[in-house]
Amino acid sequence: MHSIRAASSGELGSLQAIRAEVLPEASASLLEYCVTGPPVALTTRAPTEGIVGYVIAIRDRQEKAAQLVSLTIVPSARREGHGRALVDAVVARLADHDRLHLLTPADNTAAVEFYETLGFERDGRLDGFYI
C-alpha cells in the first residue's frame, strides 16, 4: 500500500536525506523551493519506513505543459510500486495539462524502460546525455 500526499516543509529534512543518498549531485535549494513553492511535490511512504521517495513536477500554465523534474526512491524501497504510484499521482494532479515532459540519462536503461512502461515516449535526444 502506498500513501501518497503533498510534501510539506516539515518533511524537508527527510526529503533532503533521500536526495543526498540517491541524487547527491541534485540541488538542495531546488528541492527546498519545490517543497515550499508552487511546483507539485508529492511523497510516498512505506508502512514501516516512513517517507521513501518523492516526485517533483513544475507546471508551465501558459503552454499547458509540465515537466517531471525528479522522481526519487530510496534503493531499499525500489521495485515496490512507489515510483509508479508517484507518477500516477502527479499525472492525476496535472490532468489539466496537455503534456508532461521529462529528461533522463540515455544510458540509464532502467529509467528509460520504467518510463516507457508508464506510456512515456521518446521525443528527442540531447546529444551525449539525455533522450
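Q: A nonpolar core is a set of buried Ala, Val, Leu, Ile, Met, Phe, Trp, Tyr and Cys residues joined through side-chain atoms within 4.5 Å. In this predicted model, which members of the largest nonpolar core touch the most other members?
A: That core has 33 residues, and the ones touching the most other members are Leu15, Leu31, Leu42, Leu68, Val90, Leu94 and Leu100. Helices α1 (12-22), α2 (28-36), α3 (82-93) and α4 (109-117) are among the elements that each supply at least two core residues, and so are strands β2 (40-46), β3 (50-60), β4 (65-73) and β5 (99-102). The element giving the most is β3, with six residues.

Q: Why is leucine 31 called buried?
A: Its relative accessibility is 3%, and the cut-off for buried is under 20%, so leucine 31 counts as buried. You'll find leucine 31 in helix α2.

Q: What is leucine 31 in contact with, leaving aside neighbours within four places in sequence?
A: The list is Leu12, Leu15, Gln16, Arg19, Tyr54 and Ile56. Take isoleucine 56: it sits 25 residues from leucine 31 in sequence, with 8.3 Å from C-alpha to C-alpha. The contact test, though, is heavy atoms within 4.5 Å, and Ile56 is on leucine 31's contact list.

Q: And which residues does leucine 100 contact, with the neighbours within four places left out again?
A: Those are Ala66, Gln67, Leu68, Val90, Val91, Leu94 and Phe120.

Q: Where is confidence lowest and where is it highest in the protein chain?
A: The lowest is β2, at a mean of 76, and the highest is α3, at 91.

Terms used: Residues are numbered from 1 along each chain as its sequence is written. This is a predicted model: local features need pLDDT of at least 70, side-chain atom pairs count only at pLDDT 80 or more; totals for chains, interfaces and linings use all residues. Side-chain values use heavy atoms; hydrogens and water are left out. Buried means under 20% relative accessible area, exposed over 50%, partly exposed in between (1.4 Å probe, protein chains only). Helices (H or I, at least four residues) and strands (E, at least two) are DSSP runs, numbered from the N terminus. pLDDT is the predictor's confidence in each residue, from 0 to 100.
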